[in-house]
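Let's take a walk through this structure together, from the fold of one chain to the places where its parts meet. Keep the 3D view open as you read.

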Amino acid sequence: MARLTIEHVARIEGHGNITVDVTDGIVRDIRMDIVEPARFFESMVVGRRFDDAPLITSRICGICSPNHVITSIKALEAALGVEVSERTKLLRKLLVYGSYLQNHATHLYILAAPDYVGLPNVFPLAVSHPEIVERALRLKKLGNDLTTLVGGRPVHPVTAVVGGFTSEPDLRDLAAYRDLLLGVAGDALATVELFASFPVPDFSSAGEMLALVADDDYAIYDGDTAALDAGWRRPAAEYREFIGETVVGHSNAKHSTVGGRPFLVGSVARMNLSAARLNDAGRAAFAASGVTLPTRNPFHANVLQAVELADASARCAGYIERLLEMGGTSAPQPFKIRAGAGGSATEAPRGTLYHSYAVDDDGLITHGDVITPTAQNLANIEADMRDFAPTIADRPAEEFTLLIEELVRAYDPCLSCAVH
Amino acid sequence: MAPRLVVLSLASDFGCQVQLTNMTEELLDVLGLVDLSYWQLATSGHMPDDYDVAIVEGAVTTDEHVDLLLRVRETAAVVIAIGACANIGGIPAIAGLSDLDDRYAVVYGAGEAVAKGRRTPLPLDAFVKVDYHVHGCPIDTSEFLRVLSGVLLGLSDRVPDMTMCASCKTQETVCFYDHGEMCLGLVTRAGCGARCPSLGRACTGCRGIAPDANLASARQIAVRSGRPVGELDNALLIYNAAKEVRV
């Protein structure tokens, strides 16, 4: 028999409680109660000017705010028929990847790693393993600095607007960051090796997997949504047609399904669907991860995030190279305000993020909709706990609790996003 | 004995706490000076019954938040409000501009989620005395460190009363009104170094309305620069909606 109730699960973003009750090998109760209060964002943007939406909706989440800003802007551009320059797109990719570096480093080292070395938090590691903490801080700082370089500050960037950027980094600064990004290749690989060395349970999620895909890119900024098991690929803007959302009584965040099934988004889904698009650094990192594809093990999310760190740092160095050579402008493109509706998606660190809006002739928003990665993962997290808990029910209470928490933390849940 | 710190969040996006994790290096430096007793985002363990300094992020949006906040005020010698939500209500307070049940229906339809005891979003000082204020959405890490040092040294809270315009003047940033664009720096509390205007983005007012602000005069300037009547006040609602609700 194994029962546990964890109130305010630590080292996740937001307020959530876990209840697990397995008696005589039978699951009596499994719940992830999301008590994070709703702030009603979708209602907040209605009646406001279109360009207030990226500002307001990015406050859904201070952790992946660059993704909210960019996804919101792209959805509005789809609604208003605005085309942006290649230069703007590259700068936006840097902004999103800055968030990746920052988020993945924070999740891996500050939130997840303490589980695997038996510590309550990362601070004692600074004394016992200073080289590991210093590496974590280097990666995290580089991500923050990259977001700051392009966006003006690490949390809630300010320079990205509908049509382009209000200011652009100095080319010399960009060149310096290309070198810094190439310089963290060793740190990224060491992160893969560290997480590959942590044993993870042999567990297989029954859920479908969804991620953005693109023909010529490890899709982060743009792409179609693809489903791993069902094998389909559809325009991301049609997300309302393939993702179903239901309100559940124990959570302020809705649960999502695709074709009636819970599904998983994030690094595991991305790698299963886009591993062929990894760059050389990413492929070398993947080889060191010890993971074979396709994988259905949600615990692999950690080491695969580390693989993405290696891919991302080399990829961003390449983007900077192109920005230095290409010329052109990222200044906001002029456009006419018109009525319209549009949706868009990006891959946030935790999975696909969807925004859509409708605006009227005056540019006022008449409808807004957001589905966040964690909201998509919640039903699958519960389904995984339901399948996983009986297999570890004979473990000592403390170990049982830790394994359940590790499973939840592998999804890198962000509950302020999930509820919003 | 080092003062015991707790970090809590009410309704927020955790952005200010992310800014705290962004100063891990500096935090490691001050760890000897403070005892970080509870920080849900960064560490396992329960909130202790006793502590000296409470750092609170987020707006009050539920009855549970009120109970927690009153308990925190009773326990902590010092309460520091961080970010726009905790200090002025911020973006969550937009929801308070109309009926919460209607908003609930927009988001959840007829479904019944757990959102119990919800109430009009308000900043901390609607319920308790706040000793130190770190403004901004999100907070600036160096400003936070300055305030925390002040707390440790027993200095009083020093928040600028003036508006942001002075910062743009000293930085020689061209005024947005010169080319007919609206900017809330006219009435917004200084202290961020006018970061957004220096990056070509007009101030969106995240630090709240400055005590020195002259709203009537600001409205005149906006209209004289060709902006529609009411635009400035409407823009101010993004961060200052709680002010409307409290009157």
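## Chain B and its contacts

In chain B, 76% of the contacts between residues at least 6 apart in sequence join residues at least 24 apart. Please bear in mind that this is a predicted model.

The secondary structure of chain B consists of ten helices and seven strands. Its radius of gyration is 19 Å, close to the 18 Å given by the globule rule for 247 residues, so chain B is as compact as a globular protein of that length. Along the principal axes, the C-alpha atoms of chain B fill a box of roughly 55 × 50 × 25 Å. Of its 247 residues, 47% count as buried.

Next, the domains. The assignment for chain B gives domain 1 (4-153) and domain 2 (165-246), and the centres of these two domains, taken over C-alpha atoms, are 26 Å apart. Where they meet, 20 residues of domain 1 of chain B are in contact with 15 residues of domain 2 of chain B. On the domain 1 side, the elements giving two or more residues are α4 (83-88) and β6 (118-122) of chain B.

Chain B also touches chain A, and that contact takes 46 residues from each of chain A and chain B. On the side of chain A, the elements that give two or more residues are α1 (41-44), α2 (52-57), α4 (86-116), α5 (123-128) and α6 (130-151) of chain A.

Here is the make-up of two of these contact sides:

| Contact side | Nonpolar | Polar | Charged |
|---|---|---|---|
| Domain 1 of chain B, touching domain 2 of chain B | eleven residues | seven residues | two residues |

Which residues have the most contacts inside the largest nonpolar core? They are Val56(B), Ile80(B) and Ile82(B), in a core of 208 residues. The element that gives the most to this core is α4(A), with 15 residues. Domain 1 (4-153) and domain 2 (165-246) of chain B both give residues to this core, so it lies between them.

Note on methods
Residues numbered from 1 in each chain as written. Chains lettered and ligands numbered in written order. Predicted model: local features only at pLDDT ≥ 70, side-chain atom pairs only at ≥ 80, totals over all residues. Helix = DSSP H or I, 4+ residues; strand = E, 2+ residues; numbered from the N terminus. Rg over C-alpha atoms; globule rule 2.2 N^0.38 Å. Buried ≥ 20, exposed ≤ 12 C-beta atoms within 10 Å, placed from the backbone. Contact = placed C-beta atoms within 7 Å. Domains from an automatic or database assignment. Nonpolar A, V, L, I, M, F, W, Y, C, P; charged D, E, K, R; others polar. Core = buried A, V, L, I, M, F, W, Y, C linked by C-beta atoms within 7 Å.
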